[in-house]
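Subject: Model for you, with notes on charged pairs

Hi,

Here is the structure I promised to pass on. My notes on its salt bridges follow below.

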Amino acid sequence: MSVKPPRVWVSNARPARGEIVRVRAQIEHIMESGLRVDGEGKPRPRNIVRRFEARLGANLVFVWEPGISIAQNPYIEFTFAARESGELLMQWVDEKEVTLEARKTLTLA
Amino acid sequence: MKRRHFLKAFGSVSALAPLIGSGLLRPGQALAVDFNRAPFEAKTPADVLRLTGTGAAEATRDIFLKVPEVAENGASVPVEISSNIPGTTRLAVIIDKNPLPLALQFNFGPEAVPRLQTRLRMAESSRLRVVATAGGKHYTVFRDVKVTIGGCGDQ
């Protein structure tokens, strides 16, 4: 996986209780489908991001399972209701088990 | 440190349990939940529906699906989905004519709003289906998308 840090945007890091918060997150990843061939006609080994999860504190907000039909540099926008302050932890795992993390602190206003 | 090395070093997840309470470890990092990946390897939409148990999904107008009618570049097709069905816990996207049709699954926790935006790959013009699961029932909606340049081959 790339060495560049994930790009994360949060609509409001100081939401009111129950406010709907939007998050956009993107990493650089080839999302190699395993269907392409290299210059010599050999298939390029598959490696896609197979799991993304977002947690707020101890609560799992959601899990995203991408397949090979997700575009390179996977982008996701998700939405949740802020019910507590805490750290929003986002984790990407690819098929080589490389993990990337991003954190944003949310504080209820 | 990679998780599997970490787990190997400690023997098992349960050996880490005391650390979770102490705040040294987040549950997310110790949990080794693996979802069923078999539907992602299915080669036809019918197999995806069978393997996910969603073949009996009923048509609905309560799923909002925004996708271009004509996608110029199949390598990156923006899609926006939101479900207005109360209690939606899962969304799946199936692209009928892609080599492996199941494009994604989304599993929502109680705080999440069942809504997402992402970018898909489409090999050719195809039907795009969304299947939502709520309260053990399945609902579906579809659009046909024309693709000018496919997004799967060598470029």
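Asp47(B) pairs with Arg50(B) in a salt bridge, with 3.3 Å between the closest N and O atoms. (A salt bridge here is a side-chain nitrogen of Lys or Arg within 4 Å of a carboxyl oxygen of Asp or Glu.) This is a predicted model: local features need pLDDT of at least 70, side-chain atom pairs count only at pLDDT 80 or more, and totals for chains, interfaces and linings use all residues. Residues are numbered from 1 along each chain as its sequence is written, chains are lettered from A and ligands numbered from 1 in the order written, and side-chain values use heavy atoms, without hydrogens and water.

Both partners sit in helix 5 (residues 45-52) of chain B, three residues apart, about one turn of the helix. (Helices are DSSP runs of H or I, at least four residues; strands are E runs of at least two; both are numbered from the N terminus.) Asp47(B) is partly exposed at 27% relative accessibility. Arg50(B) is exposed at 57%. (Buried is under 20% relative accessible area, exposed over 50%, partly exposed in between; 1.4 Å probe, protein chains only.)

Next, Glu80(B) and Arg115(B) form a salt bridge, 3.9 Å from N to O. Glu80(B) is in strand 4 (residues 77-83) and Arg115(B) in strand 7 (residues 112-120) of chain B, so the pair ties together parts 35 residues apart in sequence. Glu80(B) is buried at 17%. Arg115(B) is buried at 16%.

Over all chains, the search finds 18 salt bridges.

Best wishes
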